[in-house]
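Please have the sequence and the 3D view open side by side.

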Amino acid sequence: MNTDIENLFKDKVLGHPAGLFVLFFTEMWERFSFYGMRVLLVLFLTQPLFGENPGWANWPVEHATALLGTYASLLYLTPILGGYLADKIIGYRWAVTIGCLFMTLGHASMAFETDITLYVGLGLLILGTGLFKPNITSIISEMYKGNDAKKDGAYTIFYMGVNAGAFFGIMLCGYLGENFSWALGFGLAGIFMFLGMIQFWLANPLFGEIGAKPKKEGKMEVALERGDSFNPFTILDKILIAVSAIIGFTWLINDPMSKIGNVNLFNFTLGDYEGSTVVIVFAILLFLFLIISRIFRYSIIVRDEMIAVAIFAFFTVFFWAAFEQAAGSLNIFARDYVVRDLAGSSALIFKSIDAILTVVPLAIITWVLFLLFKKTFSKISISNVVLSISFIIIWGIVVWKLNNEFNKDTTEVGATWFGIFNSFFIIALAPLFSKWWESKYNPSAAFKYGFGLALLGFGFALLAYGSSGIPQGAKTASVSMVWLILAYLFHTLGELCLSPVGLSYLSKLVPGRMIAFMFGIWYLAIAIGQKAAGTLGGMIDEVTENYNLSTFFLIFTVVPIAAGALIMILNPLLKKLMHGIR
């Protein structure tokens, strides 16, 4: 009798199970909706109340990025709970489906453009992502049990789905939101999230028991690894986790609430320090004590390797704090300071490039859909029909968009349009970096981290140079878009050096039975980086007013490059701590 995994591998598309491509398209629509909404949020909140396409509230940038930072930070914390619920109670497939439903409702809520629906929508998106994010990749892991040789290729294909969704979400939701109606942009994100949910749920028969609800079994023995000893959580450990988590969550909510609504839960001072600063420092100290005390209770080798992971996590904070300016301050820069009005041959060249960038990737993905359709129509016909409807809609929007633009004599490049370059450069350059890591010239982990941070900083250096002619306090300027495109190129090169590598080393260094705890710390580091990105990005108006815009970008030049130099200096120590693992 064939197992569910063997049955999945019978129907192959491009050498992989057809089920992988069901997950590919589900992830693609989820990323479409996520990035489509995210690219609009800060622009929508800070857009003037009057004009052809008025914004919602004309917020200060500091308020908008504070909300974005909290939202983005929580997106990396709720997956810890979502993964636990799926593992213990509801199973991966139900978690993905419920997550999709929450996110669909969240996008729909935001389309109403009121105070309550904005916050409810963001809350539903956070909960939905927490259920979706960890569990769709867990289904892939379960699908490829016993086929580890093909797992790297599977995740590569899946990662292409992530970037394809981000690319088209930013391009199409951004276009509708900026040019016609913010509600249309938010609503389009919700429509494709809904279709992705239906397509995935209807394809469930293809997976059999893979990703189903966990069965109650007897307690399994956990194997000891590398001569290690057990290190159960003590009562003190659990108290420290609970207290620091409650304080951290409350602080994340309080930060935008105190700025936007003038409601401060930590309205006190301790010496010269505000209450919010005092409590978050206290929570960080508690959590650091927890991590250090636990790490030093492990055997020497495991302890060293976990210290190495903690060091990488620390430098990850610096990377994301700068990289995630893409969702906030770089959108503001594109809107207010970059030349985006084109005419004559310049407009025609832009329209042609935009058409090629849109049509070619969409045609390739449509071809993959056709291959999936041929292989699985007899088994999941309705799911394939729903997926086909999604592509008919997206092709219709693309054709309408291109026709609308080519009928104009001039064109205004959308501020959101520049966000597509991160996904485009990843898709174009990821194979080159993969070959580099597999070659004899594969550098050390510290070099990859340091080089990635340096490339990120260099991208901001280009922006600092490009904006150097803008006078102090200027609200608008005419910077060439070339500088922003080049910045996205170097930011993406930095991401390819650092982001996938960090997770890879975590999986190599941490014993399997401790992976969940260390993944939690890793996601916490990214969450801190996301919140720092929102806080620092909100300083763009203040820095521009008191100094100039070039100074603002120089901050994000100096800090990542300094951090990159420091981790390269630590390379001998990290090699020693990693005990030969590469």
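Aromatic contacts and helices

Phe 21, Phe 24, Phe 25, Trp 29, Phe 32, Phe 192 and Phe 391 are joined into a cluster by ring pairs. The model is a predicted one. Across the whole structure, a search finds 42 aromatic pairs. One of them is formed by Phe 25 and Phe 391, with ring centres 5.6 Å apart and planes at 90°. That angle makes the pair edge-to-face, because planes over 60 degrees apart are counted that way.

The two partners come from distant parts of the chain. Phe 25 belongs to helix α2 (residues 18-46) and Phe 391 to helix α14 (residues 381-406), a separation of 366 residues. Phe 25 has a relative accessible area of 0% and is therefore buried. Phe 391, at 2% relative accessibility, counts as buried too.

A second pair to look at is Tyr 76 with Tyr 523. Their ring centres lie 6.1 Å apart and the planes meet at 45°, so this pair is tilted. Tyr 76 sits in the loop between α3 (61-75) and α4 (78-90), while Tyr 523 is in helix α18 (residues 515-537), so the pair ties together parts of the chain that are 447 residues apart in sequence. Are these two residues, Tyr 76 and Tyr 523, buried or exposed? Both Tyr 76 and Tyr 523 are buried.

Lys 401 lies over the face of Tyr 175, at 5.2 Å from the ring centre.

Next come two helices in contact. Two packed helices are described by the angle between their axes and the distance between the axes. For helix α20 (residues 549-569) and helix α21 (residues 571-578), the axes come within 5 Å and cross at roughly 55°. On the α20 side, the contact is made by Ile 567, Met 568 and Ile 569; on the α21 side, by Asn 571, Pro 572 and Leu 574. Of the residues in this contact of α20 with α21, five are nonpolar, one is polar and none is charged.

The last stop is helix α12 (residues 329-337). Eight of its nine residues are buried, so α12 is largely enclosed by the rest of the structure. Which residues of α12 are buried? They are Ser 329, Leu 330, Asn 331, Ile 332, Phe 333, Ala 334, Arg 335 and Tyr 337.

Notes. Residues numbered from 1 in each chain as written. Predicted model: local features only at pLDDT ≥ 70, side-chain atom pairs only at ≥ 80, totals over all residues. Heavy atoms only, no water. Phe/Tyr/Trp six-rings, centres within 6.5 Å; stacked < 30°, edge-to-face > 60°. Helix = DSSP H or I, 4+ residues; strand = E, 2+ residues; numbered from the N terminus. Buried < 20%, exposed > 50% of the residue type's maximum accessible area, 1.4 Å probe, protein only. Lys NZ or Arg CZ within 6 Å of the ring centre and 35° of its normal. Axes fitted to C-alpha atoms, helices over the stretch in contact; angles between N-to-C directions. Contact = heavy atoms within 4.5 Å. Nonpolar A, V, L, I, M, F, W, Y, C, P; charged D, E, K, R; others polar.
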